[in-house]
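Subject: Structure handover

Hello,

Here is the structure I promised to pass on. My notes on its charged side chains follow below it.

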Amino acid sequence: MQLDFDVEARNRLVEKIEAVGGCYPEDDVEPPAVSLEDFFVGNRDRGSIGCNLVPHPGIDRFYEVLRKVRERPEVGGVYVCINQIDDEAWPFAEVVYVYTTAMQEEVASWVKELTPDEVILRGEGESKLHPSTPPPPPGMRVCVLWWD
């Protein structure tokens, strides 16, 4: 069977998530999020994010678009939320966090080609981020990109 990922990179990512308690935290805390590099480097598994997109833009394009978002001056970070870990696949993500001062519509325009199902801008303090997920910088809110 041909794997769509670097096994060593996957194992490092899984170890990182397991070290902070795994994907299923308690008390309404969201699953842990990791850096773009942690999620995308070594990943070629189209089923790991945006799996229902037809056509799928590809893992490399997801990574490229999200890196460009992260480089914007009104963005303080971009993180991939790990929702599930399976034995035979790259960890699955259905959410990306963008920490920003921009409005929801503007963020949606930056990621339009990735066609998230929803782009939701949360108010300050509205998120119960996992303790291992870096917090947004002061004055920035969490914008959630979600793929069903």
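Let me start with Glu 74. Glu 74 counts as buried, at 18% relative accessibility. Buried means under 20% relative accessible area, exposed over 50%, and partly exposed in between (1.4 Å probe, protein chains only). The partner of Glu 74 is Arg 72: their side chains meet in a salt bridge, 3.7 Å from N to O. A salt bridge here is a side-chain nitrogen of Lys or Arg within 4 Å of a carboxyl oxygen of Asp or Glu. Arg 72 is partly exposed, at 30%.

Before the rest, the ground rules. This is a predicted model, where local features need pLDDT of at least 70 and side-chain atom pairs count only at pLDDT 80 or more, while totals for chains, interfaces and linings use all residues. Residues are numbered from 1 along each chain as its sequence is written, and side-chain values use heavy atoms, leaving out hydrogens and water.

The count comes to seven salt bridges. Among them:

- Asp 38 and Lys 16 pair at 2.4 Å, N to O. Asp 38 sits in helix 2 (residues 36–40) and Lys 16 in helix 1 (residues 7–19), so the bridge ties together parts 22 residues apart in sequence. Helices are DSSP runs (H or I, at least four residues), strands likewise (E, at least two), numbered from the N terminus. Asp 38 is partly exposed at 25%. Lys 16 is partly exposed at 42%.
- Glu 30 bridges to Arg 122, with the closest N and O atoms 2.7 Å apart. Both residues are buried.
- Arg 61, Glu 64, Lys 68 and Glu 113 are linked in a network of salt bridges.

Best wishes
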